[in-house]
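I opened the model today and kept notes as I went. Here is what I looked up.

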Amino acid sequence: MSQSVPPSIRGLMMPDYRVENPYQSLLSKGLQQAGVEVHFPVGYRRIFPIFRALKDCTDPIQVLHLHWISPYTKGENGLQRLIYSLKFLLDILLVRMSGIHVVWTIHNRLSHEARFPRLELWTIRQLVKLADRLIVHHQTSLSELAELYQFNCCKATVIPHGHYRTVYGEAIDPLEARAILGLPPTGKVFLNLGMLRPYKGLERLLQVWTNHPEVTAEHTLLIAGKVLDEAYGQQLIKQVAEAKGAILHQGFVENHLIPVYLSAADVVVLPFENILTSGSLVLAMSYGKAIIAPRSPGIVETLGSAAQLLYDPQDSQGLLQAIHHATEVDLTALGQQISQECDRLNWDAIGEKTGGVYRSKLSNHAPRKTR
């Protein structure tokens with residue numbers, strides 16, 4: 001914590017996903033540098049988990065910072081989901097009534113595999129009414145989200161997703177990395193790394209790879225990550241077996257192996273079918289890797305001037321052309337360009353701006369009744 005800026009605000013982040021994703025740890029460090037004392041919930045509570053977590057904090061909390069809301073709106077059928085959604089909204093209402101300001105960072109449009117999209121959309125529209133401030137990661141997504149969730153753009157602040165440069169360790173020699181992973185020493189390695197889920201477009205990537213050996217024959221496609229759905233995993237195994245040069249490393253990738261995978265790769269391929277914010281994109285940028293991805297507004301904004309390998313997702317030949325283009329361009333120069341763009345995703349600046357969101361709300365409004 002900065003010696004010159006004493007903590008003047010106490011915030012609670014929920015849910016706590018620090019084990020699965022370092023995003024919240026990095027953001028909390030940035031906030032601490034900006035004079036915000038960040039707390040996380042302890043333990044599990046079935047009834048009103050958010051309000052009770054705030055009540056259990058030793059010192060009074062001024063700001064609740066919500067991130068992913070799926071843990072609070074679960075349910076196997078429509079009735080269960082409705083009950084959980086209503087409980088969640090009541091939980092937030094209790095927080096508001098206790099005098100605590102609510103900030104919500106919008107990470108996704110809807111859940112990636114939303115089973116009850118209409119109910120989820122209704123729940124989010126109520127949440128944005130209850131929240132004091134919203135944070136979105138891309139300026140280019142703000143109008144779309146405001147229309148979808150029905151809020152005034154003035155209620156939201158654009159703050160980018162920060163990089164992962166300090167989390168997993170330094171890159172190693174590419175040939176050493178390929179040897180560790182059992183990959184061929186020649187040809188380019190196209191990598192997809194992360195949780196293996198249908199919205200990531202891997203089936204289409206494998207189909208393109210299989211159908212166009214004239215482009216892919218001399219290269220390797222490496223897909224690595226944990227499958228959440230067994231049937232989907234079996235489908236990927238079958239497709240990989242039919243795709244010459246494709247390799248599947250199925251299973252959770254330990255943190256110490258992430259630099260190895262990214263060091264072995266020449267290009268990271270992220271053929272998303274539906275995405276708002278991508279941690280995988282930022283991870284690849286953190287290692288200065290060339291990136292193939294659909295030309296969606298948020299991805300274009302994040303990559304800035306280093307968007308040469310993006311493709312039109314509506315063009316049936318777009319992904320193939322991007323893969324072919326990646327075999328011809330100077331990937332080292334493109335990687336350097338991406339590293340420069342990644343410099344913008346600095347956590348100190350992000351923490352300062354997020355702390356500013358907390359402070360602006362506290363200073364612009366009379367304090368609510370406190371606990």
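**A valine in strand 4**

I began with Val102, which is found in strand 4. The model is a predicted one, so I treat every value as computed from it.

The cut-off for buried is under 20%.

Next I looked up what Val102 touches beyond its neighbours within four places in sequence. The contacts are Leu64, Leu66, Ile92, Val95, Arg96, Ala131, Asp132 and Arg133. I also checked Val63: it lies 39 residues from Val102 in sequence, yet the two C-alpha atoms are 5.8 Å apart in space.

I found an open sheet of 6 strands, ordered 2-1-3-4-5-6, with parallel pairing. Which strands are at the edges? They are strand 2 (36-39) and strand 6 (156-158), and each pairs on one side only. From one strand to the next, the twist averages 25°.

I looked at one pair here. Strand 5 (residues 133-136) pairs with strand 6 in the parallel sense, over 3 bridges. In that pair, Ile135 stands opposite Thr157 of strand 6.

I also looked for what lies across the sheet strands. Helix 1 (residues 23-33) lies across strand 1 (9-14), strand 2, strand 3 (63-66) and strand 4 (101-105). Helix 1 runs at about 155° to strand 2.

**Helix 6**

I moved on to helix 6 (residues 174-181). Which residues of helix 6 are buried? I listed Ala177, Arg178 and Leu181. Seen down the axis of helix 6, the buried residues fall within an arc of 100°, so they line one face of the helix. The general rule I keep in mind is that an α-helix has 3.6 residues a turn, so residues three or four places apart point the same way.

On the face turned away from the buried side, I found the exposed residues Leu175 and Ala179.

What covers the buried residues of helix 6? The cover includes strand 7 (189-193), strand 8 (220-225), strand 9 (246-250) and helix 10 (258-264).

I finished with the two ends. At the start of helix 6, a side-chain oxygen of Asp173 reaches to within 3.1 Å of the backbone nitrogen of Leu175. Just after helix 6, Gly182 takes a positive phi of about 70°.

Conventions: Residues are numbered from 1 along each chain as its sequence is written. This is a predicted model: local features need pLDDT of at least 70, side-chain atom pairs count only at pLDDT 80 or more; totals for chains, interfaces and linings use all residues. Side-chain values use heavy atoms; hydrogens and water are left out. Two strands pair if DSSP finds at least two bridges between them. Helices (H or I, at least four residues) and strands (E, at least two) are DSSP runs, numbered from the N terminus. Axes are lines fitted to C-alpha atoms, for helices over the stretch in contact, and angles run from 0 to 180 degrees between N-to-C directions. Contact means heavy atoms within 4.5 Å. Buried means under 20% relative accessible area, exposed over 50%, partly exposed in between (1.4 Å probe, protein chains only). The arc is that of the directions from the helix axis to the C-beta atoms. A polar contact is a pair of N or O atoms within 3.5 Å; within protein, one must be able to donate a hydrogen and the other to accept it, and residues adjacent in sequence count only if both atoms are side-chain atoms.
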